[in-house]
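Here is a short briefing to read beside the sequence and the model. It goes topic by topic.

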Amino acid sequence: MTAVADALIPIFGVIALGWIMRRSGLVRTELWRGVNRLSYQALLPALLFSTISRADYAGLPAGPFLIAVTLGFLVMGVVTLGFKLLPVDGPAYTSLFQGSVRWNGFVFLAVAGPAFGQEGEALAALVFAPTVPLVNIMSVAVLTIWGASQVSPNIRRVGLRLVTNPLIIACLAGALANALGLFQSGPVATTAELAGRAALPLILLAIGAGLDFSALKTRPGLLSLGIVLKLVVAPAVFLALGLLMQVEGTALALLVMVGATPGAAGAYVLAAEMGGDTRLMAGHVTATTILAFFAIPFWIWIAGL
């Protein structure tokens with residue numbers, strides 16, 4: 001638990017620094033979009049490839065862990081569909097749905113290594129491959145049905161986005177290199193490792209820059225429900241599935257942490273594109289980012305680690 005707290009404090013310190021940099025005008029608002037794109041398209045894939053390709057997965061419960069993670073997101077999707085019975089408009093419901101199923105894998109990855117060492121970092125990197133397409137498909141489907149946009153999504157374009165997603169490609173390439181024993185050392189491995197080192201600091205700064213505290217006033221009842229789903233219900237679901245799948249130790253802690261991570265800024269982008277409630281989404285991302293500082297260690301403690 002001390003290791004988790006020690007890992008979280010500097011991570012949220014960097015997030016706070018990002019917010020200060022934006023508010024002070026030290027970095028202009030329009031430049032943060034480029035930082036996000038650089039991190040997502042190049043630096044984070046390099047980190048995932050470097051970590052997965054050189055990790056030793058012998059003896060790690062990668063199979064049960066990934067099955068439990070995938071089922072966790074599916075269960076949260078089903079649970080949140082039940083809340084469509086509430087008297088809320090379609091765009092607001094889509095933001096509630098996205099808030100419960102989309103997660104900030106960057107915060108998760110930033111905590112995993114410092115708190116749980118090489119085992120934690122290796123398992124954490126694997127999570128992106130099955131969850132990125134699954135969460136995006138669920139979110140696009142819900143926004144297509146209940147979003148306010150009058151423009152139908154281009155299914156071919158959505159599919160192309162998924163198969164060319166740099167995070168998925170990096171995970172698959174890393175797994176292939178690991179299986180074949182390629183790029184364990186040498187210039188390719190060193191280049192990927194060096195580029196990957198820049199990923200998490202820049203991403204955490206960008207997360208902080210994206211915080212919008214004025215959005216916390218948006219539909220407080222629905223926002224509170226979204227927070228409970230993300231930081232209370234989701235971790236409990238992931239924990240129950242982990243115990244059911246007999247996931248233990250570090251893998252169980254990481255599984256619970258997936259559930260307790262904050263909402264993802266990408267949810268706001270998708271809400272804007274497809275007619276979701278962007279203000280509610282912005283409030284959810286901001287609130288869960290702050291509260292995750294307490295939720296993550298609490299749920300890891302509940303898991304008995």
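Helix 2 bends by about 40° at serine 39; the bend is the angle between axes fitted to the seven residues ending there and the seven starting there. This is a predicted model, where local features need pLDDT of at least 70, side-chain atom pairs count only at pLDDT 80 or more, and totals for chains, interfaces and linings use all residues. Residues are numbered from 1 along each chain as its sequence is written, and side-chain values use heavy atoms, with hydrogens and water left out.

**Helix 2 and serine 39**
- Serine 39 sits in helix 2, residues 31-54. Helices (H or I, at least four residues) are DSSP runs numbered from the N terminus.
- The end C-alpha atoms of helix 2 are 33 Å apart, which agrees with the 34 Å that its 24 residues should span at 1.5 Å a residue. The expected span is 1.5 Å times one less than the number of residues.
- Serine 39 counts as buried because its relative accessibility is 1%. Buried means under 20% relative accessible area, exposed over 50%, and partly exposed in between (1.4 Å probe, protein chains only).
- Leaving out residues up to four places away in sequence, serine 39 touches Leu44, Pro45, Ala199, Leu202 and Ile203. Contact means heavy atoms within 4.5 Å.

**Helix 8**
- Helix 8 covers residues 166-180, 15 residues in total. From first C-alpha to last it reaches 21 Å, close to the 21 Å expected at 1.5 Å a residue.
- Asparagine 165 caps its N-terminal end, with a side-chain oxygen 2.9 Å from the backbone nitrogen of leucine 167.
- Buried residues in helix 8 include Pro166, Leu167, Ile168 and Ala170.
- Glycine 181 follows helix 8 and has a positive phi, near 70°.

**Nonpolar cores**
- The largest nonpolar core has 88 residues, and Leu48, Phe73, Met257 and Ile296 touch the most other members. Such a core is a set of buried Ala, Val, Leu, Ile, Met, Phe, Trp, Tyr and Cys residues joined through side-chain atoms within 4.5 Å.
- Helix 5 (residues 105-126) gives the most to this core, 13 residues.
- A second, separate core of seven residues includes Val27, Trp32, Leu205 and Ala209.
- Neighbours within four places aside, methionine 257 is in contact with Phe108, Val111, Ala112, Phe116, Ile296 and Ile300.

**Aromatic pairs**
- The structure holds twelve aromatic pairs. Rings of Phe, Tyr and Trp (its six-membered ring) pair if their centres lie within 6.5 Å; planes under 30 degrees apart count as stacked, over 60 as edge-to-face and the rest as tilted.
- Tryptophan 19 and phenylalanine 213 form an edge-to-face pair, because their ring centres are 5.6 Å apart and their planes lie at 85°.
- This pair links distant parts of the chain, 194 residues apart: tryptophan 19 is in helix 1, and phenylalanine 213 is in the loop between helix 10 and helix 11.
- Tryptophan 19 is partly exposed at 29% relative accessibility, and phenylalanine 213 is partly exposed at 37%.
- Phenylalanine 298 and tryptophan 299 also pair edge-to-face, with centres 5.6 Å apart and planes at 80°. Phenylalanine 298 is partly exposed at 41%, whereas tryptophan 299 is buried at 11%.

**Tryptophan 103**
- Ring pairs link Phe73, Trp103, Phe108, Phe128 and Phe238 into a cluster.
- Tryptophan 103 lies in the loop between helix 4 and helix 5. Its relative accessibility is 10%, so tryptophan 103 counts as buried.
- Beyond four places in sequence, the contacts of tryptophan 103 include Phe73, Phe108, Val127, Thr131 and Lys230.

Technical notes:
Helices (H or I, at least four residues) and strands (E, at least two) are DSSP runs, numbered from the N terminus. A polar contact is a pair of N or O atoms within 3.5 Å; within protein, one must be able to donate a hydrogen and the other to accept it, and residues adjacent in sequence count only if both atoms are side-chain atoms.
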